[in-house]
Each structure stands twice: as C-alpha cells, then as structure tokens.
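Hi everyone, thanks for coming.

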Amino acid sequence: LTMDATSPPPSKGQPNHEKYDRIIDKCVMDAFTCGGTEVEKVRLVSSYLRYCNACLTKNGSMMIISFGQPETRMKYFQRHDKGKVG
C-alpha cells in the first residue's frame, strides 16, 4: 500500500480514515530537505511528520531510512516535538 506524502489524511470523522501499524520512509524526508530555504524545509518536514503521526495506530511506529547525517536530520524531529513550524 502506498500513500501520497504531500496530501493530508482524511479527518478522523470520515469512515475510511486509514491507520497503519508501521510506516517506512525510505528517503522521503531526504527529498523534502534537499531544496528551498530552511524555513520551507522545516514546514514541509513538520507537515510530513504530523501527517505520518495521524496515520499511525496508537502503538504504531515509523522507521526513517535516510542518507543524511544525524546532525542534519535530528533538528527536524526536535522542532516537531516542540511544536515549532518555522
């Protein structure tokens, strides 16, 4: 099963809201961090992470496979955890 990472999930009120136990990201986040300003990257990655979180079951998990070094990727998770968008 595949999904569009740039399209928001249906609202929870809709009967066909899909939930997944696992999400595997193989370089999607890398693609989002390749161009644009830092503010644009942060907004896109934050939106993507919120989208993925909304699609996970309560005990679901996400694995991100990235070519980027940890110091270039962790900042996006830290900002997401703090609710910052830009």
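Let's start with a term: a disulfide is a pair of cysteine sulfur atoms within 2.5 Å. By this rule, the count here is zero disulfides. Take C27, which is in no disulfide: the nearest cysteine sulfur belongs to C34 and is 9.0 Å away. C52 is in no disulfide either, and the nearest cysteine sulfur, from C55, is 6.7 Å away.

Before I go on, a word about where this comes from. We are looking at a predicted model, in which local features need pLDDT of at least 70 and side-chain atom pairs count only at pLDDT 80 or more, while totals for chains, interfaces and linings use all residues. Residues are numbered from 1 along each chain as its sequence is written, and side-chain values use heavy atoms, with hydrogens and water left out.

Now, the overall layout. Helices (H or I, at least four residues) and strands (E, at least two) are DSSP runs, numbered from the N terminus. With that, the protein has three helices and two strands. Along the sequence they follow the pattern β-α-α-β-α.

Next, who is inside and who is outside? I call a residue buried under 20% relative accessible area, exposed over 50%, and partly exposed in between, using a 1.4 Å probe and protein chains only. Of the 86 residues in the protein, 23% are buried. C27, with 31%, is partly exposed.

You will find Y48 in helix α2, which covers residues 38-55. Is Y48 buried or exposed? Its relative accessibility is 4%, so Y48 counts as buried. A contact means heavy atoms within 4.5 Å. Leaving out residues up to four places away in sequence, Y48 touches A5, D25, V28, M29, F32 and M62.

One of those partners, F32, brings us to aromatic pairs. Rings of Phe, Tyr and Trp (its six-membered ring) pair if their centres lie within 6.5 Å; planes under 30 degrees apart count as stacked, over 60 as edge-to-face, and the rest as tilted. By this rule there is one aromatic pair. Why is the pair of F32 and Y48 called edge-to-face? The ring centres are 5.2 Å apart and the planes sit at 80°, so edge-to-face is the label. This pair links distant parts of the chain, with F32 in helix α1 (residues 28-32) and Y48 in helix α2, 16 residues apart. From C-alpha to C-alpha, Y48 and F32 are 9.0 Å apart in space. Both F32 and Y48 are buried.

Helix α2 also holds A54. With a relative accessible area of 25%, A54 is partly exposed. A54 and K19 are 35 residues apart in sequence, yet their C-alpha atoms are 7.8 Å apart in space. For the protein as a whole, among contacts with a separation of 6 or more, 76% come from residues 24 or more positions apart.

Accessible areas come from the Shrake-Rupley method with a 1.4 Å probe, and for residues only the protein chains shown count as cover. The accessible surface of the protein is about 6100 Å², with 54% of that belonging to carbon and sulfur atoms. I65 lies in strand β2, residues 56-65, and counts as partly exposed at 36% relative accessibility.
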